[in-house]
Amino acid sequence: MGQTLAVTSGKGGVGKSCIAVNLAVAMARMGRPTLLVDADFGLGNSALLLGCGVENSIEHVLRGECRAEEVAVEGPEGLVLLPASASGQHAGWELGPGVGDIRADLSSFEAQFDYVIVDTGAGLVPKTIEAAVAVQRMVLVATPEPTAIADSYATMKALLVERSDMAVHLVINMAESQSEAEELQDKFAELTVRFLGAQIDNRGYIPFDRFVREAAKRQVPFAQIDPPSPAAEAIEKLALWFDNNKLESRSAGFFDSVLGWEDADWKTQVKVSS
Ligand SMILES: Nc1ncnc2c1ncn2[C@@H]1O[C@H](COP(=O)(O)OP(=O)(O)OP(=O)(O)O)[C@@H](O)[C@H]1O
Ligand SMILES: [Mg+2]
């Protein structure tokens, strides 16, 4: 299976979708077969950010109404998107009738790609936690605000309970300067080591860049535009780092993990406490 990576955060609106979409574009631009999975069910906006028209969504596949290849759409640079619906209906990872077939379909679909990048919704809701712990690497996005940092800490704590071996990469988005981002990252790393006994990888920052919003309005991913804007340069650097530091391939892909986790102890715990 390919390399799997989820983009998540504690607080909403910190730039997860922009990062996931543009990281996927940057990977595809490097010639890597890339699948972007929009896991923000009911609030999906990856298709909009990529400028792709879509008819069906991943929720149709999960319900057993469509096959993955009927829902997938080709995006810029040849990347493939499994879009989420934007209907406002919040589904989870539960499968419709024919569970085994749905799982096998998504699993074999995923196997065609070198990279699977998952855009998650915000917050500590079960469907986001499930997606975030089903991948090899988690990109935790925070902005330089005390609330975003506090929420990221809470997210990291919850995820580490489930997967202590998780590779977590902290990315500060919308930073005013490198020193602002570094100061925050150092503080966050200190907190996680001290109170969670965990290491976090500081994976740099993405500057505040007004071009990000303009590109979103034009429905063109900013990573596709030459010459690259400051945010695009940061995304390119991030993509290159992941490509140069691949993890050992796992036999189970993202969908195998996220759909086959029914027996995990922590699912019961999350359900009970939510
Ligand atoms: N580096 C940046 N510079 C300037 N604006 C940015 C940057 N990154 C993201 N934005 C803007 O921030 C807003 C939120 O971005 P986005 O939708 O990607 O966040 P999100 O974390 O996916 O939100 P949600 O939690 O609702 O899914 C958008 O208007 C986007 O254009
Ligand atoms: Mg989003």
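Modeller: We can go through the sheet, the ligand, a helix and a few single residues. This is a predicted model, in which local features need pLDDT of at least 70 and side-chain atom pairs count only at pLDDT 80 or more, while totals for chains, interfaces and linings use all residues. Residues are numbered from 1 along each chain as its sequence is written, and chains are lettered from A and ligands numbered from 1 in the order in which they are written.

Colleague: What is the strand order in the open sheet of eight strands?

Modeller: The order is β3-β4-β2-β5-β1-β6-β7-β8, with mixed pairing. The edge strands are β3 (73-74) and β8, each of which pairs on one side only. Strands here are DSSP runs of E with at least two residues, helices are runs of H or I with at least four, and both are numbered from the N terminus. Two strands pair if DSSP finds at least two bridges between them.

Colleague: Which strands are joined to β1 by bridges?

Modeller: On the one hand, five bridges join β1 to β5 (residues 115-119), and the two run parallel; Ala6 has Val118 as its bridge partner in β5. On the other hand, four bridges join β1 to β6 (residues 137-142), again running parallel, and there the partner of Val7 is Val139. Going on from β6, six bridges join that strand to β7 in parallel, with Met138 partnered by Val168.

Colleague: Is β1 buried or exposed?

Modeller: Six of the six residues of β1 (residues 3-8) are buried, so the strand is largely enclosed by the rest of the structure. Buried means that 20 or more other C-beta atoms lie within 10 Å of the residue's own, exposed means 12 or fewer, and partly exposed is in between, with C-beta atoms placed from the backbone.

Colleague: And what about its two faces?

Modeller: In a regular strand the side chains alternate between the two faces of the sheet. In β1 both faces are covered, with Gln3, Leu5 and Val7 buried on one side and Thr4, Ala6 and Thr8 buried on the other.

Colleague: Switching to ligand 1, how many residues surround it, and which are the closest?

Modeller: There are 20 residues around ligand 1, and the closest are Gly12, Gly15, Lys16, Ser17 and Cys18; a residue counts as near if its C-beta atom, placed from the backbone, lies within 6 Å. At least two residues of this shell come from each of α1 (16-29), β7 (167-175) and α9 (210-218).

Colleague: How do the residues of that shell divide?

Modeller: Nine are nonpolar, seven polar and four charged. Ala, Val, Leu, Ile, Met, Phe, Trp, Tyr, Cys and Pro count as nonpolar, Asp, Glu, Lys and Arg as charged, and the others, Gly among them, as polar.

Colleague: Which residues of α10 are buried?

Modeller: They are Ala231, Ala232, Ala234, Ile235, Leu238, Ala239 and Phe242. Seen down the axis of α10, these buried residues fall within an arc of 160°, so they line one face of the helix; the arc is that of the directions from the helix axis to the C-beta atoms. What covers them includes β1, α1, β8 (201-207) and α9, where contact means that the C-beta atoms of two residues, placed from the backbone, lie within 7 Å.

Colleague: Where is Phe254, and what does it touch?

Modeller: Phe254 lies in helix α11 (residues 254-259) and is buried, with 27 other C-beta atoms within 10 Å. Not counting residues up to four places away in sequence, Phe254 touches Thr4, Val37, Glu110, Val116, Val118, Ala134 and Val135.

Colleague: Which residues have a positive phi although they are not glycines?

Modeller: Among them are Glu77, with a phi of about 60°, and Met174, also with a phi of about 60°. Glu77 lies in the loop between β3 and β4 (80-82) and counts as partly exposed, with 19 C-beta neighbours inside 10 Å. Met174 is placed in strand β7 and is buried, with 21 other C-beta atoms within 10 Å.

Colleague: What kind of peptide bond joins Asp226 and Pro227?

Modeller: That one is a cis peptide bond, with omega about -5°, and Pro227 sits in the loop between α9 and α10.
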